[in-house]
Amino acid sequence: MSYDAPFAGLKVIDLSQGIAGPYAGMLLAQHGAQVIKVEGPGDGDWSRVLGVRYGDHSAFSIVGNLGKRAVGIDLKHDEGKAVLWRLLAGADVFIEGFRPGVIKRLGFDYEAVSAREPGIIYLSISGFGQSGPLIGRPAMDPVLQAFTGLTGENHGEDGIPHRVPVIPIDMSTALFAFQGLSAALYARRNESRGRYLDASLMQAAAGLQAIRMMSSYLEGGTVRPGGVPQGIFKTADGWMSITAIHDREWLALCSALAQPELAADPRFATPTLRYENEAVLLPILRAIIEPQSTASLSERLSASGLLFEQVNRYGEFLKEPQVVETGAIAWLSQPGLDRKVPIANLPGMGRFEDGSARATSPRVGQDTAAVLGEHGYSAAEIDGLAARGVIDVGL
């Protein structure tokens with residue numbers, strides 16, 4: 001155990017699919033745990049076929065499985081279940097992300113697993129939770145964005161609700177789940193048994209939106225902005241985010257835009273007046289800003305100490321000098337891809353090293369033979385299981 005690998009020596013069995021559970025498991029792997037990803041033969045985890053597919057991978061499966069070892073097992077076979085039970089021997093963490101009730105039908109619910117491994121920390125990830133009228137509904141990030149109010153809050157001046165495309169619900173679920181696992185593993189040092197953890201996308205979505213949700217409740221459903229002006233403004237060659245809430249910032253913005261008459265306009269003299277006259281103020285600002293270049297505006301707004309930034313696309317962000325200088329992004333080789341891909345280095349951790357196990361996401365069944373061999377299976381037994389379709393050895 002060390003700061004570089006605080007979870008070294010821990011064994012994790014990860015049956016989850018998609019991104020919420022796998023990303024939580026990936027974080028355990030990045031902190032030193034041995035994470036064995038168990039997925040069905042063939043295509044494996046359904047995240048591997050989301051969007052564009054690159055061999056055994058998609059962008060989702062690469063990010064969600066860095067540093068893991070992949071084992072292919074068909075859990076419809078009794079022999080496959082027996083293999084999983086052997087892998088579970090001595091495990092510290094078990095992660096599953098099936099719809100509620102499925103894992104029990106497979107025979108690996110918390111009661112069954114903890115009966116054999118009483119110290120295990122068992123994490124279930126679901127869409128709506130383990131009880132309630134929506135327990136059986138299929139759920140993915142867009143569904144929970146709509147259900148929890150995020151889509152309704154994310155609308156522009158056109159008033160049309162929009163989904164946020166960066167799967168914030170899945171990612172926040174993973175982060176909350178990893179936090180819960182880490183705390184449980186820390187507490188387990190003084191406990192005689194493990195425990196069951198329940199993490200749902202719905203819970204995580206509510207936690208992610210805690211401030212906005214409370215503000216909406218207290219303010220009768222319409223959240224007052226933190227100040228005016230703030231928002232996205234079109235420039236001559238792009239878009240820019242500008243925020244000038246306090247009087248000092250407002251006056252600095254007027255100065256940077258060479259608009260002394262706007263600073264002196266009594267309709268905009270205080271934060272309250274600017275808020276009350278937002279419908280008048282924003283069109284004035286847009287007409288002033290739109291003819292100007294992003295570079296010219298950036299230079300003047302920066303000199304004035306204002307909160308602003310040009311609206312980047314990902315390709316532009318990856319080339320930003322600040323990103324390059326700080327090493328925020330690692331460029332990593334992955335199986336099935338003909339070029340390196342950008343993956344964010346994790347905050348508070350060492351940088352990924354290209355080609356290392358920690359920085360590589362496994363193919364379906366890539367490590368089946370090796371892992372089963374470490375768990376007492378002979379080469380002949382492994383060959384037999386593969387021949388009967390019980391396991392996938394990734395050939």
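In which sense do strand E7 and strand E8 pair, and over how many bridges? Strand E7 (residues 230–234) and strand E8 (residues 239–243) run antiparallel to each other and are paired over five bridges, where two strands count as paired if DSSP finds at least two bridges between them.

## Basis of the description

This is a predicted model, in which local features need pLDDT of at least 70 and side-chain atom pairs count only at pLDDT 80 or more, while totals for chains, interfaces and linings use all residues. Residues are numbered from 1 along each chain as its sequence is written, and side-chain values use heavy atoms, with hydrogens and water left out. Helices (H or I, at least four residues) and strands (E, at least two) are DSSP runs, numbered from the N terminus.

## The three-stranded sheet

E7 and E8 form a hairpin with four residues between them, and within this pairing Ile232 stands opposite Ser241 in E8. The two strands belong to an open sheet of three strands in the order E7-E8-E9, with antiparallel pairing. E7 and strand E9 (307–310) are the edge strands, each of them pairing on one side only, and neighbouring strands of this sheet are turned by 20° against each other on average, direction ignored. E8 is joined to E9 by four bridges, and Ile242 has Phe308 in E9 as its bridge partner.

Helix H14 (residues 278–289) packs on this sheet, touching E7 and E8, and its direction makes about 40° with that of E7; contact here means heavy atoms within 4.5 Å, and axes are lines fitted to C-alpha atoms, for helices over the stretch in contact, with angles that run from 0 to 180 degrees between N-to-C directions. Leu282, which is found in helix H14, is buried, with a relative accessible area of 10% (buried means under 20% relative accessible area, exposed over 50%, and partly exposed in between, with a 1.4 Å probe and protein chains only). Not counting residues up to four places away in sequence, Leu282 touches Glu157, Pro229 and Phe233. Pro229 is found in the loop between helix H10 (210–218) and E7, and a cis peptide bond, with omega about 5°, joins this residue to Val228.

## The seven-stranded sheet

Seven strands form another open sheet, in the order E6-E5-E4-E1-E2-E3-E12, and here the pairing is mixed. Strand E6 (195–200) and strand E12 (391–392) stand at the edges with a single partner strand each, so one side of each is left without a neighbour in the sheet. Strand E3 (residues 69–73) pairs with E12 in the antiparallel sense over two bridges, and Gly72 stands opposite Asp392 in E12.

Phe7 lies in the segment before strand E1 (11–14) and Phe178 in helix H8, so the pair ties together parts that are 171 residues apart in sequence. Both Phe7 and Phe178 are buried. Tyr110 and Tyr196 form a tilted pair, 5.7 Å centre to centre with 55° between the planes, and this pair links helix H5 (residues 110–116), which holds Tyr110, to strand E6, which holds Tyr196, across 86 residues. Tyr110 is buried at a relative accessible area of 16%, whereas Tyr196 is partly exposed at 31%.

The 20 residues of helix H8 (residues 168–187) should span 28 Å at 1.5 Å a residue, and the end C-alpha atoms are 28 Å apart, which agrees; the expected span is 1.5 Å times one less than the number of residues.

## Residues with positive phi

Most residues other than glycine have a negative phi, and most peptide bonds are trans. Ile167 has a phi near 40°, a positive value in a residue other than glycine; this residue is found in the loop between helix H7 (150–153) and H8, and at 14% relative accessibility Ile167 counts as buried. Ala258 likewise has a positive phi, near 55°, in the loop between helix H11 (247–256) and helix H12 (260–264), but Ala258 counts as exposed, at 56% relative accessibility.

Terms used: Phe/Tyr/Trp six-rings, centres within 6.5 Å; stacked < 30°, edge-to-face > 60°.
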